[in-house]
Amino acid sequence: MNETPLWASESFWKKTAIWVTAGSFLILVVLTMDSLSKTSAGSQRVPAYSVINKKIDYQLNKELRKSMPVIGENEFLFGKEYTEEEARQLVDLGKKTTQAKNCMNCHTLLGNGAYYAPDLTKAWLDKGWISKEMREDMMVKFLMDPEKNARTFGSNRKMPNLNITEQEAKGIIAFLKWMSSIDTNGFPYNFKTIEAEE
Amino acid sequence: MNTSGLNGVIQNVTALGEKSRVYLNNFKAWVQLDSTHLSDGRQLAVKYFTVAIILFFAQILFGLLAATQFIFPGFLYEILDFSVNRMIHINAMIVWMLYGFIGCVYWFIEDESGTEIVGLKLGNIAFWVLTGAVTLVVLVYLLVQIGPGKDSSLWLINEGREYIEAPRWADIGIVVVMLIFFYNVVATFSKGKWSGIAGVLTLDLVALAGLYTAGMFYMTNITHEQYWWWWVVHLWVEATWEVLVGVIMAWSLMKLLAVRRKIVQTWLYIEVALMFGSGILGLGHHYFWIGTPEYWLTVGGFFSALEPIPLVAMVVHAVYDSGAHAFKNGNHPALAWIIAQAFGNFFGAGVWGFMHTLPQINIFTHGTQWSASHGHLAFFGAYATINIAFFYLAIQQWRGNVWMGGGTHNAWRWKWALGLLNGGVLGMTIALLIAGYEQSFIERAVEGSTWGGYFTAQNHPSFQSAMVWRLFFGGMTFAGFILLVWDLLTIGKGETRKAPEIVEI
């Protein structure tokens, strides 16, 4: 009568807690090793940094019904072909600058961050840069003096001047171009690139 | 500078010091708190609680500034930009909650272990080091704000990674302080007695400190960087913090309602099993769209959908125990906040999290105000509430275990503070939810997620009015906070009745 059934006993749940925690953590470690190897720069899902030398576009995969990145022919950034190491250095400068300027507390990157300014995941491919010919120049000017070159889309929200140098601006653009080539499982939904026909 | 000028400066500084000493003494005479009622360990706990409340104030203040900028984008432009306000808003939140948790542990550890805290002196030094570091970090956030794209900026100014922006030097400091805290906990239980609560707490703190180091590295590859960043952010707030709250809740239900140890500990193990069983692999719901493989859509979707289950268990646990003991307890405000925690955690973390956790809906909601809506109710419901409950427990003992049950003088204050804070946060949550719905439909589904689509959604009247309502309810939250502080400083003052003895039934 006074005996506690197994399902209500303290020791049973203690053991369960330990096994469940250890088991889940072990699975997480295995999946982490797999995910990191499948997403290193130069993998199928996360292209090498030298992808900044190429044209990047998205095409709807009709079977999966999601947009997939398509890496096309040469399309040099700032008219220069970068070696893998040069490309890595430039993207690295850009990535570091986005952190030092605290971009993530207004923008989202891969959808993570703050929601005061637009997502940067596919910023390189956005129609907001009007045409591919104007894009690089517009981006450099905007980053270096966002107040004068403000693009507020009627919202009155202006990016502040963050003292970004020309080299840093080029780094950011390289970083954005590289980031836009990552296969994000179709996020953001239904994105129309600057290449897309109206 | 000539000597008379220097003398003048020294005189001014001395006068200022003297003046603040007088103010401080007047304040102490007014609040009438008597630290001789507290053990040395609990005196350290209330130091942590005090800083927690100051940072809670900073969280709300900078939240209000950021909310105002959504309506008036020119407000404080290039002085305190949105990015700065928002960073301090969320950092102050993380840090005040950590301060609260550390305070809670210092508060109950002597009671739980049956002995005095081992290494308390070191614990006190760690408190001052941490507080000094936090002050310096905030000053740099405010005055320096940003740096050039170099490693030195990440080491000295900020790392630019949401929630864990603190510069690298501060990361190292935080780890050192956490190790001292961990030493206090383990050495105290080793000297006194271990218990189920002690065991879960110790293992949880190992995970808590260990996970933080996963976020201390710079990486060029943003997919890898966000992968590890989520290890810290998710495995803290959706796993180890939840378990820590389970531990604190278990101890407080024993103290407040005299629930039997065997019952709370069995519940605690069930909660740990459910929490870690769903939360560890539930991490996968952050790996849908950052470049990681497709299998995370299945793993993350499935396990994160299970995350509300332990929170339901916690509601049942808290409400059942309160009912079984006919709500007889020695501290009404504390119990009210514990009940608020059970429901807030369930709705904020559980329901609001579940609503957008499956990838089929998350592809529309990820990176919209949906996340902000969930974040507000979850952090407040799960973590702010339990800390506030402990502030009330602490103030009761600080005044010498006075009566804080039915018929407390000026009880309207704690009740109104409870109502305004919960109503304010709930109001913000609903306003942000409406904004999130609107964004998901217009920006994502209709416009195709371009910058043009983003701004079409931002300029939409329903989004704009949602932002006004959010600011309004932010103001309500602020009013609740002011009332809460006033109540904490005055409740039980001049009370001569002692708290009733709560006995096990």
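Predicted model: local features only at pLDDT ≥ 70, side-chain atom pairs only at ≥ 80, totals over all residues.

Reader: Fine. How many helices and strands does chain B have?

Author: Chain B has 17 helices and 0 strands. Its radius of gyration is 23 Å, close to the 23 Å that the globule rule gives for 505 residues, so chain B is as compact as a globular protein of that length.

Reader: What box do the C-alpha atoms of chain B fill?

Author: Roughly 75 × 65 × 45 Å, taken along the principal axes.

Reader: And what percentage of chain B is buried?

Author: Buried residues make up 56% of the 505 residues in chain B.

Reader: What about contacts in chain B between residues at least 6 apart in sequence: what share joins residues at least 24 apart?

Author: That share is 80%.

Reader: Now the largest nonpolar core. How many residues, and which have the most contacts inside it?

Author: The largest nonpolar core has 207 residues. B:Y48, B:V105, B:V247, B:A250 and B:A394 have the most contacts inside it. Helix 8 of chain B, residues 222-257, gives the most to this core, with 23 residues.

Reader: Take B:Y48. What is B:Y48 in contact with, leaving aside neighbours within four places in sequence?

Author: B:Y48 is then in contact with B:Y99, B:I102, B:G103, B:Y106 and B:F127.

Reader: Switching to the interface. How many residues of chain A are in contact with chain B?

Author: 73 residues of chain A are in contact with 65 residues of chain B. Helix 1 of chain A gives the largest share of the chain A side, 14 residues.

Reader: Which elements of chain A give two or more residues to that side?

Author: They are helix 1 (10-38), helix 2 (84-100), strand 3 (108-109), strand 4 (112-113) and helix 4 (166-179) of chain A.

Reader: How does that side split by class?

Author: The side of chain A that touches chain B has 31 nonpolar, 25 polar and 17 charged residues.

Reader: Which domains is chain A divided into?

Author: Domain 1 covers 8-36 and domain 2 covers 49-179. Taken over C-alpha atoms, 40 Å separate the centres of these two domains of chain A.

Reader: Last topic, strands. Do strand 1 and strand 2 of chain A pair in the parallel or antiparallel sense?

Author: Antiparallel, over 7 bridges: strand 1 of chain A is residues 54-61 and strand 2 of chain A is residues 66-74. The bridge partner of A:D57 in strand 2 of chain A is A:V70.

Reader: What sits in the hairpin between these strands of chain A?

Author: There are 4 residues between the strands, and A:R65 in this hairpin takes a positive phi near 55°.

Key: Residues numbered from 1 in each chain as written. Chains lettered and ligands numbered in written order. Rg over C-alpha atoms; globule rule 2.2 N^0.38 Å. Buried ≥ 20, exposed ≤ 12 C-beta atoms within 10 Å, placed from the backbone. Contact = placed C-beta atoms within 7 Å. Pairing = 2+ DSSP bridges. Core = buried A, V, L, I, M, F, W, Y, C linked by C-beta atoms within 7 Å. Nonpolar A, V, L, I, M, F, W, Y, C, P; charged D, E, K, R; others polar. Domains from an automatic or database assignment.
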